[in-house]
Amino acid sequence: MNFQIGLVVAGLVVGFIVGMTGVGGGSLMTPILLWFGISPTTAVGTDLLYAAITKCGGVYVHNKKKNINWTITGWLSLGSIPAALLTLYVLHILNADTTALNAVIKYSLGWALVFTSVAILFKKIILAFSQKHAGDKFHRESKTQNFLTVAIGVLLGVTVTLTSIGAGALGTVTLFFLYPLLPTNRLVGTEIAHAVPLTLVAGLGHASMGNLDLALLGQLLMGSLPGIYVGSMLAGKVPDLFLRNALAIMLFFVGFKLIT
């Protein structure tokens with residue numbers, strides 16, 4: 001595709017918001033690409049590789065700070081990677097009918113955005129509830145906890161492969177519930193570490209089906225990489241509650257419009 005300054009600006013804005021709040025990458029980028037007239041399949045496929053590349057830097061930083069629990073990452077991947085591969089196989093079968101495939105992805109994207117907005121809005125309430133029940137049976141018995149972690153991985157694998165979103169906000173909130181005593185920075189770092197292989201596998205799968213635009217990917221990265229850096233530097237200067245609530249409300253209305 002031809003160079004469009006609007007796509008670079010979109011990457012810059014989304015990168016800035018992710019740097020400021022830690023969420024909103026795929027949730028914002030995919031709807032923006034749809035607004036630019038990119039087909040749902042290409043938007044999702046390109047956004048997945050965009051996410052994998054940008055989050056590699058996050059893994060490096062979090063690992064250096066020892067913010068990643070690799071055991072939890074492993075259990076999540078045990079569910080998400082096979083689920084992503086199975087979802088890609090189903091999408092490959094549906095690929096004969098591009099119209100149907102685009103409709104499935106657009107509808108799934110709408111619901112993913114709605115659930116993501118709810119997760120962002122009620123994050124603190126969910127965290128408080130999970131900490132209150134930290135001594136419950138499934139938190140004490142590692143086998144049950146591991147099984148639920150794999151189940152969350154399956155859910156994320158399907159959602160992320162279909163819509164390119166959910167790995168950040170949905171993944172972190174569900175981990176808050178399962179691991180309430182783990183520090184927030186380690187939960188965020190763990191989910192970022194899990195998101196990289198998941199988005200990479202899903203992105204490469206979409207690319208193999210022709211759902212990737214390298215020129216589009218390059219333009220998004222031109223904006224997002226400096227945007228993430230600047231946003232990270234300014235994190236804390238703007239009230240986090242205001243940013244998250246504004247983001248959640250916007251995502252809800254975008255998602256609602258897609259499913260109605």
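Contact here means heavy atoms within 4.5 Å. The model shown in these views is predicted.

**View 1. Leu 33 and its contacts.**

**View 2. The largest nonpolar core.** This core has 21 residues. Met 29, Leu 33, Tyr 50, Leu 113, Leu 216 and Leu 220 have the most contacts inside it. Helix 1 (5–21), helix 2 (25–35) and helix 3 (40–64) each give two or more residues to this core. So do helix 5 (98–121), helix 11 (214–234) and helix 12 (240–259).

**View 3. Ser 117 in helix 5.** Ser 117 lies in helix 5. Ser 117 counts as buried because its relative accessibility is 1%, and buried means under 20%. Residues up to four places away in sequence aside, Ser 117 touches Ala 248, Leu 251 and Phe 252. Leu 170 is 53 residues from Ser 117 along the chain, yet their C-alpha atoms are separated by 9.1 Å.

**View 4. Helix 3 and its bend.** Helix 3 has 25 residues. From first C-alpha to last, helix 3 reaches 36 Å, close to the 36 Å expected at 1.5 Å a residue. At Lys 55, helix 3 bends by about 30 degrees. Lys 66 follows helix 3, and the phi of Lys 66 is positive, near 60 degrees.

Key. Residues are numbered from 1 along each chain as its sequence is written. This is a predicted model: local features need pLDDT of at least 70, side-chain atom pairs count only at pLDDT 80 or more; totals for chains, interfaces and linings use all residues. Side-chain values use heavy atoms; hydrogens and water are left out. A nonpolar core is a set of buried Ala, Val, Leu, Ile, Met, Phe, Trp, Tyr and Cys residues joined through side-chain atoms within 4.5 Å. Buried means under 20% relative accessible area, exposed over 50%, partly exposed in between (1.4 Å probe, protein chains only). Helices (H or I, at least four residues) and strands (E, at least two) are DSSP runs, numbered from the N terminus. The expected span of a helix is 1.5 Å times one less than its number of residues. The bend at a residue is the angle between axes fitted to the seven residues ending there and the seven starting there.
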